[in-house]
Amino acid sequence: MADDGKRDIWAEWLAVHRFGGDAEVRREMFDHLAKRRDKVLDRSRLAPGETLLDVGCGEGLIGFGALERGAGHVVFSDISQDLLDVCRELAEALGFSERCSFVKAAADELSGIEDGSVDVVTTRSVLIYVTEKERAFEEFFRVLGSGGRVSLFEPINRFGMCERRQAFWGYPSDGLHDLAERVEQVFEAIQPPSDPMLDFDERDLVRFAESAGFFPIDLDYRAEIKPTDPKPWAAFLNSSGNPKIPTIARAMEEALTPPERERFAQHLQPLVERGGGIWRMGEAYLTAVKP
């Protein structure tokens, strides 16, 4: 992705801040994301020749995976024109252009997609940014034909939230809890508990799907608590959890004085580099059929 200094927040996050600018961290992250892509596509039961709509397509991970599996046509949809341009360029480079179309649209307002025009709708970590999640499911239902399927993955950020807030991003703050809390407040001011990232869980996803008219519905939910993976300190500092929040380094600069940042870094750096924290994550895969 070219860096011309004009990328929107979504493209900038995917290009740099998701992995802290570290190529090895990016590779490991892609390997992990590829497994999620494959599970979303496996659960969609995509058949050769079918039309798939990838809502919130990002860099096209799911959409291009669908084309490689024989999808007849893929509609790449996103609110970011920068990312749609990236997908268009990739489609041309890979020889897929004739089997692709590109629509700038939000998940809860797919007005550029005709009723009953697609066989499969997919999303990956998209509804966490959508306030009107019920409306999004209604739109998924509308654009699917009879027998069409929606297959999605969403992280359940509510899981382990209380425990995470007692530390700092899963790392023990020990005697520096006051410093950790001030840095955390930078993020909480941007994304309070009412934020779309935190205002739902896996049961809500089932409820939204059923309310929209989908039947049957299948939920695969998994919760995981494990040691954090070791990570280079620079990559940790220059990363952010999502496109709407600053990097950890920027939050520390905003919340702490230089001496406080030094104390906090001396405590946190060895924990990050050796994997001395606790990772908590809930993950939901949902599939549902339009009767």
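Helix 5 and helix 8 sit oblique to each other, oblique being whatever is left once angles under 35 degrees (roughly parallel), over 145 (roughly antiparallel) and 65 to 115 (roughly perpendicular) are taken out. This is a predicted model, where local features need pLDDT of at least 70 and side-chain atom pairs count only at pLDDT 80 or more, while totals for chains, interfaces and linings use all residues. Residues are numbered from 1 along each chain as its sequence is written, and side-chain values use heavy atoms, with hydrogens and water left out.

The axes of helix 5 (residues 133-143) and helix 8 (residues 202-212) come within 9 Å and cross at roughly 45 degrees. Helices here are DSSP runs of H or I, at least four residues, and strands are runs of E, at least two, numbered from the N terminus. Axes are lines fitted to C-alpha atoms, for helices over the stretch in contact, with angles running from 0 to 180 degrees between N-to-C directions. On the helix 5 side, Phe-141 is among the residues that meet helix 8.

Phe-141 also turns up among the residues touched by Lys-290 (contact: heavy atoms within 4.5 Å), along with Phe-214. Lys-290 lies in the segment after strand 7 (278-289).

Terms used
Lists of a residue's contacts leave out its neighbours within four places in sequence.
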